[in-house]
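Biologist: Please show me the sequence and the structure. I will then ask about a few residues and helices.

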Amino acid sequence: MPSEGKMVSDIANAWKGLEQVEKGYEDWLVMEILRLERVEHLAEKFKQKCALHEAWTAGKEEVLTQRDFEHASLAEVRILVRKHEAFESDLTAHQDRLEQIASIAQELNELDYHDAAAINARCQGFCDQWDNLGTLTQKRRDSLERTEKLLETIDQLYLEFAKRAAPFNNWMDGAMEDLQDMFIVHSIEEIQILITAHDQFKATLPEADKERMATMGIHSEILKIAQTYGIKLPGVNPYTDLTPQDLSSKWEAVRCQIPHRDQVLQEEMARQQANERLRCQFAAQANVIGPWIQTKMKEIVHISVDIAGSLEEQMNNLKQYEHDIANYKSSIDNLEGDHQLSQGSLVFDNKHTSYTMEHVRVGWEQLLSTTTHSINEIENQILTRDAKGISQEQLNEFRASFNHFDRKRHGMMEPDDFRACLISMGYDLGEVEFARIMTLVDANDVGAVTFQAFIDFMTQEAAETDTAEQVMASFKILASDKMYITVDELRRELPPEQAEYCISHMTKYLASDAPPGALDYISFSSALYGESDL
C-alpha cells in the first residue's frame, strides 16, 4: 500500500481523468485552430471585398453630384439618362457584394474576431455610403428626368418657333418686295388698283402683328424656362437659322417702308390725275378739230365734183374755204401745244378720243393739199374751157358722166370705170385701142384717169377745134401777160403731169431780157397744133 494512502485505482482514475482533460484540451486546440483559420480567411476575404467595393464606389458620389446636365443639349441629356440607367443597373448588381461584406462582418463577429470593432465600423461606413449613393442616384435620376422634360419642352418650342417663323418671314419678304416694287401705270384706274391693293395689305398688318407677337412669345417662353430652371440654351435654334432679332428687324423695315409706299402711290395718283386732265383737254379740242377737218374735206370734194353752178362760183367757194382753213390754223397750233404737253408727261394714249395728233396732222395736210389741188383743178378747167371754147353745159355733162362712172367717189376713174364710160358713149374698144387711149389719159401710168385728163380726151375726141392762138392765149394768162413762162408758174397752175409734160417739151426763151429758166410757150403752142411730133 502506498504510504500516502492512495490507491492504485485512484491513480488510475486520476490518470484517466487527466487523459480526458488532455483530450478535451486537444479538441479545443483543434477547434481553436480551425476557428482562427476561419477567422483569418474571413478577415482576408472581408479585406478583399472591401477593397473591391471601395474601388467601385470611388468617385461615384462626385459623379452623382455633377450638374453636367445643366449645360447639355437634349441629345446629350438623353445620353446621360441612358448612362444613369446603366449605372442604376450596376448599383443594383453591386448590392450583392455589399450584402456579402455585411454577411462576412456578421460571421466575424460571431467568431469573436479580435478586431470586430474595426470590421463593424468599416461595414457601417459602407452601409452609410451605400444609402447615400442610393439617395444621390435617385436625386440625379429626378434631375435628369426633369431636365429632359424641360429640354423636350424647349425643343418643341424651338420647333414651333421654326414652323411659325418661316412662313412669317416669307410673308415679310414678299411684303417688302411688293412695297419696293417698281410700277408703270398709264391711267388713274391702274394706280387706283395699286392703291386699293396697298390699303388691303395695310388692313392685314394687325393680324400679321398678332402672328409676330405669338412667334416672339414662343421665344420668350423658352427664355423663361431656361432662366427659371437654370438651363443653358444652345447658341441657335436647331430647326431654323431665323432668330427673333431677324424677325424684329424685318418687321421694322416693313413698317418703315409703308409710309414711303403711301407717298409714292399718292404722288403717282397726282401725276395720273394731271395726265388725265391733259387727255381731256386734248380730246376736247381733237373731237372738234377731227370732225371739222373731215367735214371740210367732204365739202371740198363735193364742190370739186358738183355740177351745179359755174366754175367761177366753185372757185369762189373754194377760195372761201381756203380762207376759212387758213384762219383755223390757230386751233391746230393750240392742239399741237396740248400734244406737246402730253408728250412731255409721257402720255401716249387717250381713251377720250379716237383722234391722235398724227391723224390730225395727216388730215390737216390732206385738207390743205386737197384744197390747193381742187383750186388748181378748177383753174385748169377754166383755162381748158376758155381755151377750147367749151360751154358750161358741156362741162357739166362731162362732170356728170365722170361722176357717174367714178364708182369709188375719189375723184378718179379706174381703168375699168373708164372703159365702161367709153363703151357707154359708143366706142368700139379692143384691147390694143384701149391701151392706146390709156397712154393718152394716163401718161404717168398711175392706173387712174383724172377729170382733167378726161376733159382733154373728150374735147379732143369731140372736135379738134383748138388753135395755136387759143393755147397761146391760155399760157399768156398763166404767165401774167409775159412772152415767156417759168417752170414754177407751170407747176403752180397746171396739174403735175401736164406741167411736167410742158416743161419737158418747151424750148428755152431766147430773148436777152429773159430770166434763167424761162420757157417759150409760143413755139410750143405752134408746134402742138402744127406738123411737129412733140
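Modeller: A definition comes before the questions: contact means heavy atoms within 4.5 Å. This is a predicted model, in which local features need pLDDT of at least 70 and side-chain atom pairs count only at pLDDT 80 or more, while totals for chains, interfaces and linings use all residues. Residues are numbered from 1 along each chain as its sequence is written, and side-chain values use heavy atoms, with hydrogens and water left out.

Biologist: Which residues does R212 touch, not counting residues up to four places away in sequence?

Modeller: R212 lies in helix α6, residues 205-229. Helices are DSSP runs of H or I with at least four residues, strands are runs of E with at least two, and both are numbered from the N terminus. Beyond residues up to four places away in sequence, R212 touches F168 and W251.

Biologist: Is R212 buried or exposed?

Modeller: Buried means under 20% relative accessible area, exposed over 50%, and partly exposed in between, using a 1.4 Å probe and protein chains only. R212 has a relative accessible area of 15%, so R212 is buried.

Biologist: Which side chain has a polar contact with the side chain of R212?

Modeller: A polar contact is a pair of N or O atoms within 3.5 Å; within protein, one must be able to donate a hydrogen and the other to accept it, and residues adjacent in sequence count only if both atoms are side-chain atoms. For R212 the contact spans 3.0 Å, and the partner is the side chain of D209.

Biologist: Which residues is N169 in contact with, leaving aside its neighbours within four places in sequence?

Modeller: N169 sits in helix α4, residues 116-179. N169 is buried, at 8% relative accessible area. Leaving aside neighbours within four places in sequence, its contacts are L242, L247 and K250.

Biologist: How are α3 and α4 oriented, roughly parallel or roughly antiparallel?

Modeller: Axes are lines fitted to C-alpha atoms, for helices over the stretch in contact, and angles run from 0 to 180 degrees between N-to-C directions. Helix α3 (residues 74-110) packs against α4 at about 165 degrees, with the axes 10 Å apart. Angles under 35 degrees count as roughly parallel, over 145 as roughly antiparallel, 65 to 115 as roughly perpendicular and the rest as oblique. Therefore α3 is, relative to α4, roughly antiparallel.

Biologist: Which backbone oxygen lies 3.2 Å from a polar atom of the T57 side chain?

Modeller: T57 is in helix α1, residues 8-57. T57 is buried, with 5% relative accessibility. The backbone oxygen 3.2 Å from its side-chain polar atom belongs to E54.
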